[in-house]
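Here are my notes on the model, as numbered points. Have a look at the fold alongside them.

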Amino acid sequence: MLRPLPFLLLLLALPALAKPPRLTLFIAVDAMGTDLLLRHKPRLKGGLRQLIDSGAFYPYAEYEYAKPRTAPGHTTLATGANPWRHGIVDNRIIDRTTGKPERVFPDPAHPVLEAPLSNEDVSPALLMAETLADRLRLSTQERGKAIALSGKARSAIPLAGRLGQAYWYDETVGKFITGTWYTKELPGWLKTFNASNPPEAWFGKPWEPLLPRTEYTGEDDRSYEGEHYGLGRTFPHPLTGGLNAPGPHAYTAFAISPLALDHTVRAARAALEGEGLGKDEVPDLLAVSFSATDRVFHQYGPTSWEMQDALYRLDKAVGDLVALAEKAAGGRANLLVVLTADHGGAAVPEQWAASGVPAERVNPTALSKELTEALRAQFGGDVTATVEELDVYLGGKTLEGGKVDGAAVRRAAAAWLGKQPSVVLAVPRDDLYTAPDVAGLVEPLRRGYYPGRSGDVLYVVKPFHVISAASTGTNHGTPYSYDKQVPVVFAGKGVKPGVYPQTISTTDVAPTVAALLEMSAPASSEGTPRAEAITIGR
């Protein structure tokens, strides 16, 4: 039997032990699949390796929907839901009346601040699910702060949700901005940061390898790598964008390079200090998405020297960021760190093919043209088909005016696609929830479908087939492991360290963070808290 005094002391101690961390640092890496991380793990010595070694490491988390892309990936991580609930199905969708693409986070009523007006991503108006940031704000009666920073608006916006604050790097002006959904004027700390980090400071500086060249495997110069924005295929890469003075192309060249990783860390430091994050017992959230890794991946491929260099630089950037967050929170005992990725990515198809893998580059523009011709031959009129990744949007006055049976056109389009040598299956939206799922590929299509935003026909290419209109570089967005499998690490307060090799869903990330923060999961969450990695509790 416990004596009265010790028992009383134990009761008094329990609430203190159960306090959530003062600060949660949520790190999302754009285009860091499990294979990429594990391949480089032996050479990592900085923040990535430290988190893996000291945290709960899940190497095999998977996205459950068919099209792992940046906007839906970040939204799934933030909401614990798949696109069929949160509504963000891709980076962009197609306007059926015009056949032209439009961004997934547009909002004409809330334009950007301190940048030219555009139709780019600007607000969470079309986000259909609650996020971690929203839940934190509500559960603390809006006392807890939630700040999101990224090189891309489509990454920062879902991480901030509706009630947090999102800031992103704008390539037209070369600085961090936001939209009027979040504020009417940039905060003072961000104005100071932008003023102290002008594009002129890094214009023209070359991107050199971080490590000695002997540390990089393979060849630096490969014919299937891209050369966009004047970067070229080999080191050193000039960051002028082909310009004589700073301008949009130079700002984009900088954003593609992993030098932008350090720029994001400096912005995060300004946010930590300017917002006073982690300074009291009310939990705060800082979400940081590193975008340069994805840009390097697309242009050079996951096995390139450039991607290797990006991982080494990311390793250092993560270490710097965690150290800043730990200092802000008053020590690691007050800090929770989460690190994961929005998707993986395919190798350059020509590299796969050269190694004997049955890989091909699938041109969506050519596919759109051929499908449109086939539908017009069958139904007449001006029926159009626009292929956007794994979605096919059908339009044209003949279809919109009801002159033909829409379901018949959709089924005909699916039948034509299903006969193409690069396609493994195609399903019209009419049959999405009744079609047999023999190969287990229809269910991922269902989880990624949202009415009115997804295509009229959904399809899946064969393994190692990369959808890309470009003749170089590579892409992601299929339900295969190289695209859908990503690492997840929880580290810090309330976490039980270890390697957890079981397959988990990326929808588990948000409810696990919510459990560690001792609050309920976001409203539409489908995931499960990873109880095996949680040590808190009364």
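1. Start with Ile-27: setting aside neighbours within four places in sequence, Ile-27 is in contact with Val-288, Phe-290, Val-318, Leu-321, Val-322, Val-337, Val-338, Leu-339 and Thr-340. Contact here is heavy atoms within 4.5 Å.

2. A caveat on what you're looking at: this is a predicted model, where local features need pLDDT of at least 70, side-chain atom pairs count only at pLDDT 80 or more, and totals for chains, interfaces and linings use all residues. Residues are numbered from 1 along each chain as its sequence is written, and side-chain values use heavy atoms, with hydrogens and water left out.

3. The largest nonpolar core has 118 residues, and Ile-27 is among those with the most contacts inside it, along with Leu-25, Phe-26, Leu-286 and Phe-290. Helix H12 (residues 305-329) gives the most to this core, 13 residues. A core is a set of buried Ala, Val, Leu, Ile, Met, Phe, Trp, Tyr and Cys residues joined through side-chain atoms within 4.5 Å; buried means under 20% relative accessible area with a 1.4 Å probe, protein chains only.

4. There's also a second, separate core of 41 residues, including Val-362, Val-383, Tyr-449 and Val-461.

5. Now the sheet: four strands, open, antiparallel, in the order E11-E12-E14-E13. Strands E11 (384-388) and E13 (423-428) are the edges, each pairing on one side only. Pairing takes at least two DSSP bridges; strands are DSSP E runs of at least two residues, and helices H or I runs of at least four, numbered from the N terminus.

6. Five bridges join E11 to E12 (residues 391-395), and Thr-386 stands opposite Tyr-393 in E12.

Note on methods: Buried < 20%, exposed > 50% of the residue type's maximum accessible area, 1.4 Å probe, protein only.
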